[in-house]
Structures are given as C-alpha cells and as structure tokens.
Amino acid sequence: MAHDSNNKNKKPSRGLHELYAEDPIKADELVWNRETDAGSRRGFLKRGGLLAMATAIGASIPFSKNMPAGLIPAAFAQSDEPFALPGKEGLTILNDRPINAETPPHLLDDEITPAKHMFVRNNGLVPDVKALDPATWTLEIAGESCETPTTFTIAELKSRFKHHSYQLTVECGGNGRSEYVPAASGNQWTTGAVASPKFTGVRLRDVLEACGIKKDAVYIGYYGGDLHPSGDPSKEAISRGVPMSKALEDETLIAWAMNDEDIPVLNGHPLRLVCGGWPASTSGKWLKKIVIRNKVHDGNKMAAPSYSVPKYPVAPGTQVPDEDMEIIESMPVKSLITFPKTGISHKLGEPLLVRGHAWAGDLEVKELHVSIDFGITWQKTELRAPANRLAWQHWQSELSFPEKGYYEVWAKAVDSEGKAQPMVVPGWNPKGYLNNACHRIAIQIV
Ligand SMILES: Nc1nc2c(c(=O)[nH]1)N[C@H]1C(S)=C(S)[C@@H](COP(=O)(O)O)O[C@H]1N2
Ligand SMILES: [Mo]
C-alpha cells in the first residue's frame with residue numbers, strides 16, 4: 001500500500017497547529033488583533049493579514065468584521081488524500097497499526113451510512129478473515145450474574161429470537177480529538193468517526209433474559225475475536241460494556257447484518273454488539289462472548305482514564321487522578337454539514353442548499369441552526385424526526401448570500417434538554433473525548 005509511509009506521519013489537516021505549520025500565510029498574520037483597535041468594535045488582522053487571507057482564499061470576506069479572534073478559515077482545512085482500505089471508499093487513514101480510518105464529512109451525506117463509508121476504529125489486530133465463518137461462529141453468554149450460561153450459534157440466535165432492525169448512530173468517544181490543546185494522545189480524529197447505518201439482529205435483552213439475569217446484575221461486558229496489538233492471546237484488544245439499563249433497551253442489538261448485508265469484516269463481521277448513542281467503544285465487534293456482571297465490568301479499557309472524563313471541569317493540561325474520572329455514557333449533541341463539500345464555489349443570487357445530520361446520544365435533537373456570518377445571526381433549519389430512536393436526524397436549509405466573497409456555514413444542534421453544541425472546543429479532558437464543537441465549511445460566492 002503505497003500511501004502508508006506518506007500518511008503515517010501526516011497528521012489530519014483540521015488541527016490548528018497543522019494549519020499554522022503548513023499554510024503559506026504566517027501564523028501571526030492570522031491573529032485577529034482587537035487590542036490595537038481600541039475604541040472601535042471592528043477588529044483587524046496584523047500586517048495586512050486580512051488581505052493576505054483574502055488572497056489565499058481567492059475572495060473578499062464580507063463578514064470579516066465578525067470573525068472571532070484567531071479563527072482559521074475553514075477553507076484552509078481541506079481533507080487529506082484518501083487511503084484505500086478493502087471495502088471502503090474515500091476514508092482518511094489515521095493509523096495503520098491497528099487500522100483506524102475516518103470519513104470526510106461530504107461522504108457521510110447519505111441518510112443511512114453505506115458500509116463503504118463507515119469509519120473503522122480498531123484497538124487490536126483484525127481477526128483473520130478465515131476465522132470469521134458465520135456457520136461455525138458462536139456467542140457465549142456467561143458471567144457471575146448469568147443464571148444459565150449458554151452458547152449459541154448464529155443460526156440459533158436467528159431461529160430462537162425475534163429479529164429487529166434499527167438505524168443506529170455510533171460515534172467514537174474520541175471523535176474530534178485533534179482539536180484539543182494541549183493535544184491528547186490517541187488517534188487524531190477530526191469529524192469522521194461517526195456513522196448511522198441500519199443494523200439487523202436480535203435484542204441483547206431477549207438473549208440475556210433467555211439465559212437468566214440474576215438480581216445482582218449491574219453491567220454487561222463483551223469480548224471480541226480480535227487480538228491485542230502485541231499479539232499476546234492472554235490480553236484483550238478491548239473489552240468494554242454498559243450498565244444493565246442500556247443493555248436492556250429495545251435498540252441494543254446483537255447484529256449480524258448492516259444495511260441488509262453482512263457487516264463488513266472491518267466493522268465486526270459476523271456478529272457485533274450495537275449500543276447506539278453511546279461511545280462506539282461499547283459496541284463490541286467480532287462478538288464472541290457477553291458476560292453479565294455483578295459489578296462494573298473490568299475488561300481492558302473499562303478503567304479510567306480510558307473512555308472516561310473528569311467529574312469536574314479542569315484547566316487544559318491538568319493531570320487528573322483516575323478516581324476523579326467517570327465513564328462516558330450517552331454522547332453529547334452534535335451535527336455535521338454533509339452537503340456541500342467544504343470549499344465549493346457558488347453563484348451569487350442562487351439559493352444554496354445545505355444539509356447534514358444531527359444526533360444527541362440517548363436524546364433527540366430538537367433544533368438545528370445555521371449561520372453564514374461567523375455566528376452573529378442564526379437561522380433555524382428544517383429538521384426531520386429520526387427514523388427510530390438513536391438514529392441521526394437529517395436537516396436542510398436554503399441559504400442566500402448578500403454579496404460575493406468568502407463565507408463559512410456553521411451548524412449548531414440543540415438537544416431535547418436544551419443543550420447546544422459549543423462554538424469552540426468544549427472542556428478539555430486528558431484523553432480528548434467528547435469534542436462536539438460546531439462543524440463549519442467554507443463557501444465562495446462568485
Ligand atoms: N472487538 C472490538 N470491538 C470494538 C473495537 C475493537 O477494537 N475491537 N473498537 C471499538 C471502538 S473504540 C469503536 S469507536 C468502534 C468502532 O466501530 P467501527 O470500526 O465498526 O466503526 O468499535 C468498538 N468495538
Ligand atoms: Mo472508539
């Protein structure tokens with residue numbers, strides 16, 4: 001794979017440091033300086049920076065006076081070159097050992113994410129395809145709070161339990177990590193570790209109830225068929241879980257199909273757990289075993305700091321003791337602009353259709369607003385109900401622009417409890433989880 005060596009050391013392009021480093025304009029020229037412009041509400045850029053920025057973008061910036069301090073135009077944040085993975089198209093690779101790849105926003109435009117555009121997040125080594133035979137694959141249900149431990153073949157699961165299909169949004173807890181400063185270690189996801197395909201399988205609840213759930217059950221944990229990156233078979237790549245309340249929800253599935261086909265090998269064929277709305281790390285791939293636990297599951301990557309955030313806000317860079325961290329549950333409200341692709345040119349006078357998706361963990365999204373003037377004014381878009389609970393919601397709007405020039409479209413979702421996406425990166429946390437900042441794209445009106 002010729003791209004490997006190029007891409008391995010190349011960071012994703014949305015992080016501000018990379019933009020500063022790679023861009024022909026000097027970083028300090030892009031600093032919006034309000035101090036030197038005392039008395040006036042209009043800021044300006046140092047050393048003719050506005051002119052330099054406009055030249056680089058190739059257009060004037062009609063709302064430049066609204067641009068927040070230090071803002072880097074989204075026009076500079078173009079995506080990396082695509083990387084080829086079997087069965088995947090147009091994904092950006094972040095790491096090839098283990099394989100991690102994300103989807104550029106314009107390739108997430110489908111209402112139901114096609115398999116070829118679903119991101120890949122692996123903590124270990126993908127099982128050998130020859131070992132993934134649905135005819136011989138088994139799922140064991142066990143654990144100290146299981147009354148009758150049982151092993152099922154996929155055929156038994158299919159024949160014994162009712163089938164259910166749901167569109168389920170799965171987002172990696174680390175999606176957006178690349179924007180935190182100081183940087184958190186781990187895959188530098190930009191916006192593309194999210195997908196909302198349709199899964200088909202049986203309810204985890206039906207299977208667990210058939211095996212008997214003891215009264216002291218509090219959590220479930222999964223084990224998958226992948227290996228720890230070291231290759232050591234005594235260690236798991238990852239073994240996480242959810243509290244019983246999430247495990248017993250209607251939408252929590254043991255799935256064998258995605259979009260009416262086999263689940264792609266990289267996404268967990270022949271069987272995976274799907275817990276929509278929660279960090280996707282709870283959706284175990286290549287599912288071999290589920291344990292019903294009488295305590296919080298203690299598999300690999302359950303303990304802090306993995307998939308945990310501080311219990312209280314901390315200043316960027318703070319060292320947080322593990323006992324002050326809590327496990328992430330429902331994901332926060334978030335949205336994407338999936339059409340048009342960032343950087344397009346559009347004719348003045350013609351309305352521009354923009355659209356995308358919004359989701360809010362266990363909750364529903366109530367409103368979606370867009371701005372074309374760097375967040376000074378917002379307009380409410382048309383927002384559809386989800387196909388079912390835990391599916392992302394589609395929104396769209398037609399936008400008009402007052403004159404030629406450079407604009408950004410910003411999108412902001414609000415959940416059913418009134419919580420909105422922040423305009424800037426939210427509270428820093430040591431592992432860089434839960435960045436639900438507004439998504440923005442660049443538009444040239446010509
Ligand atoms: N067995 C197994 N399950 C797993 C993982 C893994 O590495 N191994 N990664 C988890 C994480 S961190 C995420 S974000 C999702 C990614 O799912 P996807 O690769 O199908 O997009 O799978 C989860 N389930
Ligand atoms: Mo993840």
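A polar contact, as I use the term, is a pair of N or O atoms within 3.5 Å; within protein, one atom must be able to donate a hydrogen and the other to accept it, and residues adjacent in sequence count only if both atoms are side-chain atoms.

**Entry 1: ground rules.** I am working on a predicted model, where local features need pLDDT of at least 70, side-chain atom pairs count only at pLDDT 80 or more, and totals for chains, interfaces and linings use all residues. Residues are numbered from 1 along each chain as its sequence is written, chains are lettered from A and ligands numbered from 1 in the order in which they are written, and side-chain values use heavy atoms, with hydrogens and water left out.

**Entry 2: ligand 1.** I started with the polar contacts. A polar side-chain atom of Arg272 lies 2.7 Å from an oxygen atom of ligand 1. For Asn267, a polar side-chain atom is 2.8 Å from a ligand oxygen. Phe119 uses its backbone: an N or O atom there is 2.7 Å from an oxygen atom of ligand 1. I then checked cover. On its own, ligand 1 has 530 Å² of accessible area, and the protein covers 100% of it (Shrake-Rupley method, 1.4 Å probe; for residues, only the protein chains shown count as cover).

Where does ligand 1 sit? I found it in the largest cavity. A cavity here is a set of points, on a 1 Å grid over the protein atoms alone, where a 1.4 Å probe fits but cannot get out. Sitting in it requires more than half of the molecule's atoms within 2 Å of its grid points.

I counted the shell next. It holds 21 residues, and the closest are Phe119, Asn123, Asp226, Arg272 and Lys285; a residue is near if one of its heavy atoms lies within 4 Å. By class, I get 10 nonpolar, seven polar and four charged residues. Nonpolar means Ala, Val, Leu, Ile, Met, Phe, Trp, Tyr, Cys and Pro; charged means Asp, Glu, Lys and Arg; the others, Gly among them, are polar. Strands β5 (120-121) and β12 (219-224) each supply at least two shell residues. Strands are DSSP runs of E with at least two residues, numbered from the N terminus.

**Entry 3: the sheet with β5.** I followed β5 into its sheet. This is an open sheet of three strands, ordered β3-β4-β5, with antiparallel pairing. Strands pair if DSSP finds at least two bridges between them. β3 (92-96) and β5 are the edges, each pairing on one side only. β3 and β4 (99-102) run antiparallel, joined by four bridges. Asp96 has Ile99 of β4 as its bridge partner. A hairpin through two residues links β3 to β4. Between β4 and β5 I find two bridges, again antiparallel. There, Ala101 is partnered by Val120 of β5.

**Entry 4: a four-stranded sheet.** I also looked up an open sheet with the order β20-β22-β26-β25 and antiparallel pairing. Its edge strands are β20 (334-339) and β25 (382-383). β20 pairs with β22 (352-359) over five bridges. Phe339 has Arg355 of β22 as its bridge partner.

**Entry 5: backbone exceptions.** Most residues other than glycine have a negative phi, and most peptide bonds are trans. I noted the departures. Val181 to Pro182 is a cis peptide bond, omega near -5°. Pro182 lies in the loop between β9 (170-171) and β10 (194-195). Ala304 to Pro305 is cis too, with omega near 5°. Pro305 is in the loop between β17 (287-293) and β18 (308-310). Asp260 has a positive phi, near 65°. I placed Asp260 in the loop between β14 (253-258) and β15 (261-262).

Conventions: On a 1 Å grid over the protein atoms alone, a cavity is a set of points where a 1.4 Å probe fits but cannot get out, and a pocket is an open set with protein on both sides within 12 Å along at least five of seven lines; lining residues have an atom within 4 Å of a point.
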